[in-house]
Amino acid sequence: MGKRNLPVGIEFYKKIIDEDYYYVDKTLMIKELIDRQSYVSLFTRPRRFGKTLALDMIKTFFEQELDDRGNKIDNSHYFDGMKIVLAGERYMQNMGRYPVVFLSLKSAKQPDMATAVWMIKKQIANEYIRHRYVLGSDAMLESEKELFQKIMALSDDDKLYADAIAFLSKCLAKYHGQKTIILIDEYDVPLENAYFAGFYKEMSDFLRSLMESSLKTNVDLKFAVITGCIVSANAEPLEEVALLHRKIVGSIFTGLNNLNVISIISDSFAEYFGFTQLEVSGLLEYYDLGDKTEEVRKWYDGYCFGKAEVYNPWSVTGFLNGIIADKVVYPRPYWANTSSNSIIKELIEKANDSVKAELEDLMSQKTITKPLREEITYEDIHSSSDNLWNFLLFTGYLKVAGSYFDGMQAYVTMTIPNTEIRYIYENHIMEWLKQRMKAVDFSDMYDALLKGDAEGVEGAVKGCLKRCISFYDEKETFYHGFMIGVLANLGEYRLLSNRETGDGRADLILKPLDEQKPAVVLELKYASDGRKLEEECDNALRQIEEKHYTDELAEDGCSGIIKYGICFYKKSCKVKCDRS
């Protein structure tokens, strides 16, 4: 019997079960929801950590689902063998009991307000269509049926949608004789998009009306579950339900009873988003990939939600599927490629000296400690560096390494979670460096380089290093990329990187288009101790000779070859030259 396929990118619970994909059983989240009996729960987790799938699983369990004619659909078989079944009858008696409204706001990521609102209206209309069986109920007034049909038909009157979710929950409660469960996925996607696109306030006003009527003044609400990446604050649309007022040590200023905000620092529900070590071990064992344990841990582990350590589920699934389906045996940055990572780009481009120093600490695998700010808005991200670092924490670009409370304020120690996230920082730093290098005049350095003037090259490189971000993780990759940026504008030369020549790969080769001009071979080293700079330069020059890096250039008829050994240590370097 073959192995089950991995549900890469599949966010529909029924599809995973129907088509027999491998499912990491998170159904005990249902038990915890019932036990806690929270009126409105907001879960904030980084993107691609299973929020949509969790909501769809909750919907499948609780919903009294009906077809177009009002006939009940039995979904009980979707939970056969799942952990929630073993939890007992107290929990199972809630299965298929309630009407459910499910609204995803992902599609509101649009270039202008009109299109974004249209997409939200379309999602609402789709829920009306899904529940159109209520139009056959005698319990609904004719005026209610008319309004229902207008909203379902995507009316041009935006005002009809201000309380459309609340109105739908009222219609469903009338039909089913049970209060309605409301599930809202990715509530902050429209806000993030509107912030960057320039219509933040208008979107905030629109969503405030929608959320307030649905979650605060809705007498037909059983409970609600909302997901997003950050906890909103101040002008955000969930302010009226007190999602904005969560503070540290349980102090919640609330306008709504039984509100439950579950962020990445909360202990409750911690294991239901992301994969635990036990779950990852089960996956690796099932697919006979136990030998990949250390690679998976290094690349995709490292997140801390409450007291639970979890792996990035999107990346783990992508990595395993890559091995199984595509025979790609090396880890790749799967999560890194799911968005533009624009917040990292902004961090690097706008960094002042203080932020640069802290970024350097993070890149050298150190930590930074900041006041905890859960109540962040998109408008406030750049108002202080503390807000910026907190935003990176809550969106998955940093992780909690420790915390303490000084009697007035909570502080959190942050670090980069794993190799995949480090890749994102490195990639954007290198791109930033390349752009900066384009604006620098390196003509004096180029002259020195082609004359064999090691002292002149060293002075120019040192000056450039001092103006740039560097990170000290004992890797040559940063300095390799740095030198590519420095040499990129040297005219009449081809720049070859890691070119296989002789008995190995030279770090950098400058091959002249005119054979009468000298060729240049550069071997780069990184010293773990500043006192070893000269020694490592000698090792670099020796490597060029022993590995015959110049043989191909000589065979191509280059009239002269200049060899450089360059060793870096933090923001300093040593350059040695050999023209023999």
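Reader: Hi! Which side chains meet in a salt bridge at 2.6 Å, N to O?
Author: Hello! Those are the side chains of Arg531 and Asp529. Keep in mind that this is a predicted model.

Reader: Thanks! Is Arg531 buried or exposed?
Author: Arg531 has a relative accessible area of 74%. That is over 50%, so Arg531 counts as exposed.

Reader: Why can side chains pair like that at all?
Author: When their charged atoms come close, side chains of opposite charge can pair.

Reader: Okay, and how many salt bridges does the structure hold?
Author: The count is 36. One of them pairs Lys106 with Asp185, where the closest N and O atoms are 3.9 Å apart.

Reader: Where do Lys106 and Asp185 lie?
Author: Lys106 is in the loop between β2 (100-104) and α6 (113-130), while Asp185 belongs to strand β3 (residues 180-185).

Reader: Nice. What about Asp185, buried or exposed?
Author: Asp185 is buried, because its relative accessibility is 0%.

Reader: How many residues apart are Asp205 and Lys201?
Author: They are four residues apart, about one turn of the helix. As for accessibility, Lys201 is exposed at 57%, and Asp205 is partly exposed at 32%.

Reader: New topic: at roughly what angle do α18 and α19 cross?
Author: The axes of helix α18 (residues 443-451) and helix α19 (residues 454-467) cross at roughly 145 degrees, and they come within 8 Å.

Reader: Left-handed or right-handed?
Author: The crossing of α18 and α19 is left-handed.

Reader: And which residues meet there?
Author: From α18 there are Met445, Ala448 and Leu449. In α19 they meet Gly456, Val457, Ala460 and Val461.

Reader: How many of the residues in that contact are nonpolar, polar or charged?
Author: Six are nonpolar, one is polar and none is charged.

Notes: Residues are numbered from 1 along each chain as its sequence is written. This is a predicted model: local features need pLDDT of at least 70, side-chain atom pairs count only at pLDDT 80 or more; totals for chains, interfaces and linings use all residues. Side-chain values use heavy atoms; hydrogens and water are left out. Axes are lines fitted to C-alpha atoms, for helices over the stretch in contact, and angles run from 0 to 180 degrees between N-to-C directions. Helices (H or I, at least four residues) and strands (E, at least two) are DSSP runs, numbered from the N terminus. A crossing is left-handed if the near helix is turned anticlockwise from the far one by less than a right angle, and right-handed if clockwise. Contact means heavy atoms within 4.5 Å. Ala, Val, Leu, Ile, Met, Phe, Trp, Tyr, Cys and Pro count as nonpolar, Asp, Glu, Lys and Arg as charged, and the others, Gly among them, as polar. A salt bridge is a side-chain nitrogen of Lys or Arg within 4 Å of a carboxyl oxygen of Asp or Glu. Buried means under 20% relative accessible area, exposed over 50%, partly exposed in between (1.4 Å probe, protein chains only).
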